[in-house]
Amino acid sequence: MKQNWTYLAQLAANEGKEITLKGWVQNRRDSKGIVFIILRDGTGFAQCVVLEETVGEAMFDEAKRLSLETSVELTGTIRKDEKQLGGFEVQVSSLKVITPAEEYPIGKKEHGVDFLMDRRHLWLRSKRQWAIMRIRNEIIFAIHNFFQQNGFVQMDAPIFTGNACEGTSTLFETEFFEDTAYLSQSGQLYGEAMAMAMGKIYTFGPTFRAEKSKTRRHLSEFWMIEPEMAFYDLDMTMDLIEEFIRFVVTAVLKNCKDELAVLERDVTKLETVIKPFPRIAYKDAVQMIRGEKDVNGMNSIKTLEGDLAIVKNKIEEIKTDITSREEKIKSGALKKGEIAFNEQKIQQQKAALRELEEEERNIPQWLESAKNFVPGDDFGGSDETVLTRLFNTPIMVYNWPKAIKAFYMKEADDDKGYVRGVDILAPEGYGEIVGGGQRETDMQVLVDAIHHHQLPMEAFEWYLDLRRYGSVQHSGFGLGLERIICWVCKLPHVREAIPFPRMMGRLLP
Ligand code: 4AD
Ligand code: MG
């Protein structure tokens, strides 16, 4: 392929050379005789410097008038500049507009999330979204690498399905010629069939859930990775999950340093994945949530109460600081530079304040639900938060009450009423990122469970065949792609983890 331009990702290899670049004007500012363009081409960003004395008056005028998001082609020389994102600067010798852009709706001022989501097709061009999508790409690549290196075969489950997998309340129903079909809630049942054919498989596909929840963790359409392994028990599965999550996060830490920097992610919080993930039985986890059992000298209730006091103190400190800076600015005694510095500090303090005030609102609710947690119940978002705040690595909660888990989970031999399921909960309040476990193999137990869950038996006959013909112990799990992205990038909401989110009230763009 003959390509007559260079990508920004290749600047290092072209230091000192004159090259041509193609991209969009992410930002532009000018002063006398000089225009700075931040060029974006998808592979990176670079500051391009246009000097009037170099390009002449006509071209300089054009550079001065460039509107945001105008597509351009420019030629220039690459110079090293450590201060710049990407580490290089381009000294422009000539510049050509490909297509001018109309006034761009996304500006530098802060927009609300709804405003941005309505313009998601444009918002994806911003630096922060660029970083998130690149990390998403790295995670997808690492997932395939991990499974391919470990002898798994990727197989794909259907999207139109004739039966539920995770309970009938969250199914999207659709027409399928004369029949009713459901959009896949999970590829697992098909994964089990594939594992009996191939040994170790994984599916990687779109998944649909119709729950009417509007939490920061729920999408109606998300991507799930579901490995299924013949002959594995729960313990082997937990070993695999731990290795897998560690592999994926380590790949991001190694290959996405620039992207994590753009997101201002505290990477020390992710580096802890090299430590073992604590494995906690559901019953113990309940005691930890209710403050009846300490973890590493920490008590959930006391920790939360302590945190609340700290948060309240910090809020007071910051408010005082903001007021004193505002007074200084008003006094008129400050120089121009000092005013700008203080204004910038005030903005930073206000951002910190917003986060702290959210904690101040949340902690009493977490305390409330921790104190009132009823053993036997499923964990809600706040219960997961209370529990995971006691740890700095992901944790694995296993042996769940049978009543709250799906029909296919294997009952523990030594713990009647509990099933060999496992949830992996991410730290920093992110909660469940993986759900899985060992599958029931006893034909009669399964038939009873299908009846008990009021599922249509005829739709499960094929599934029961897997137990009729050489049934073996097997296990698997499902990782929610957007959930792990959300945690790795420390996003406030899972909707930013997918290019075009689908959730209640959001079908466009
Ligand atoms: O825990 P879930 O429902 O488990 C299953 O579907 C199993 N059949 C998986 C298996 O064993 N093969 O879903 C698995 C994961 C969750 O842990 C979560 O990360 C993600 O899928 N997930 C969602 N992500 C975004 N939005 C939603 N509404 C999600 N529901 C589940
Ligand atoms: Mg789950």
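This is a predicted model: local features need pLDDT of at least 70, side-chain atom pairs count only at pLDDT 80 or more; totals for chains, interfaces and linings use all residues.

User: Where is Gln 454 found?

Analyst: In the loop between helix H14 (443-452) and H15.

User: What is phi for Phe 231?

Analyst: Phi of Phe 231 is near 75 degrees, which is again a positive value in a residue other than glycine. Phe 231 sits in the loop between E11 and H7.

User: Is Phe 231 buried or exposed?

Analyst: Exposed, because its relative accessibility is 57% and the cut-off for exposed is over 50%.

User: Let me step back. How many helices and strands are in the protein chain?

Analyst: The protein chain has 16 helices and 17 strands. Its C-alpha atoms fill a box of roughly 85 × 60 × 45 Å along the principal axes.

User: What percentage of the 509 residues is buried?

Analyst: Buried residues make up 47% of the 509. As for contacts with a separation of 6 or more, 68% of them join residues 24 or more positions apart.

User: Which residues touch the most other members in the largest nonpolar core?

Analyst: Ile 139, Ile 143, Ile 245 and Trp 487, in a core of 58 residues. Helix H7 (234-255) is one of the elements that give two or more residues to this core, and H7 provides the largest share, eleven residues. Others on that list include helix H5 (127-149), strand E10 (200-208), strand E15 (415-426) and helix H16 (481-489).

User: What does Ile 143 touch?

Analyst: Leaving out residues up to four places away in sequence, Ile 143 touches Phe 204, Ile 225, Phe 244, Val 248, Leu 479 and Leu 481.

User: And the second core, how many residues does it have?

Analyst: The second core is separate and has 52 residues, among them Leu 304, Val 311, Leu 367 and Ile 395.

User: Now helix packing. At what angle do H11 and H12 pack?

Analyst: Helix H11 (residues 300-331) and helix H12 (residues 336-371) pack at about 155 degrees, and their axes are 8 Å apart. That angle makes H11 roughly antiparallel to H12, since over 145 degrees counts as such. The crossing of H11 past H12 is left-handed.

User: What classes of residue make up the contact of H11 with H12?

Analyst: It has 19 nonpolar, two polar and 15 charged residues.

User: How do H12 and H13 pack?

Analyst: H12 and helix H13 (residues 381-388) pack at an angle of about 95 degrees, with 9 Å between their axes. H12 is therefore roughly perpendicular to H13. From H12, the contact uses Trp 366, Ser 369 and Ala 370, and from H13 it uses Ser 382, Asp 383, Thr 385 and Val 386. By class, the residues of the contact of H12 with H13 are three nonpolar, three polar and one charged.

User: Change of topic. Which residues of H6 are buried?

Analyst: In helix H6 (residues 188-198), the buried ones are Gln 188, Leu 189, Tyr 190, Gly 191, Glu 192, Met 194 and Ala 195. Their cover includes strand E7 (160-161), E10, E11, helix H15 (457-468) and E17. H6 is followed by Gly 199, which has a positive phi, near 90 degrees.

User: What about Gln 438, buried or exposed?

Analyst: Buried, because Gln 438 has a relative accessibility of 6%. Gln 438 lies in strand E16. Setting aside neighbours within four places in sequence, its contacts include Tyr 232, Tyr 408, Arg 420 and His 474.

User: Last one: what is the peptide bond from Leu 508 to Pro 509?

Analyst: That bond is cis, with omega near -10 degrees. Pro 509 lies in the segment after H16. In general, most peptide bonds are trans.

Terms used:
Residues are numbered from 1 along each chain as its sequence is written. Chains are lettered from A and ligands numbered from 1 in the order in which they are written. Side-chain values use heavy atoms; hydrogens and water are left out. Axes are lines fitted to C-alpha atoms, for helices over the stretch in contact, and angles run from 0 to 180 degrees between N-to-C directions. Helices (H or I, at least four residues) and strands (E, at least two) are DSSP runs, numbered from the N terminus. Angles under 35 degrees count as roughly parallel, over 145 as roughly antiparallel, 65 to 115 as roughly perpendicular and the rest as oblique. A crossing is left-handed if the near helix is turned anticlockwise from the far one by less than a right angle, and right-handed if clockwise. Ala, Val, Leu, Ile, Met, Phe, Trp, Tyr, Cys and Pro count as nonpolar, Asp, Glu, Lys and Arg as charged, and the others, Gly among them, as polar. A nonpolar core is a set of buried Ala, Val, Leu, Ile, Met, Phe, Trp, Tyr and Cys residues joined through side-chain atoms within 4.5 Å. Buried means under 20% relative accessible area, exposed over 50%, partly exposed in between (1.4 Å probe, protein chains only). Contact means heavy atoms within 4.5 Å.
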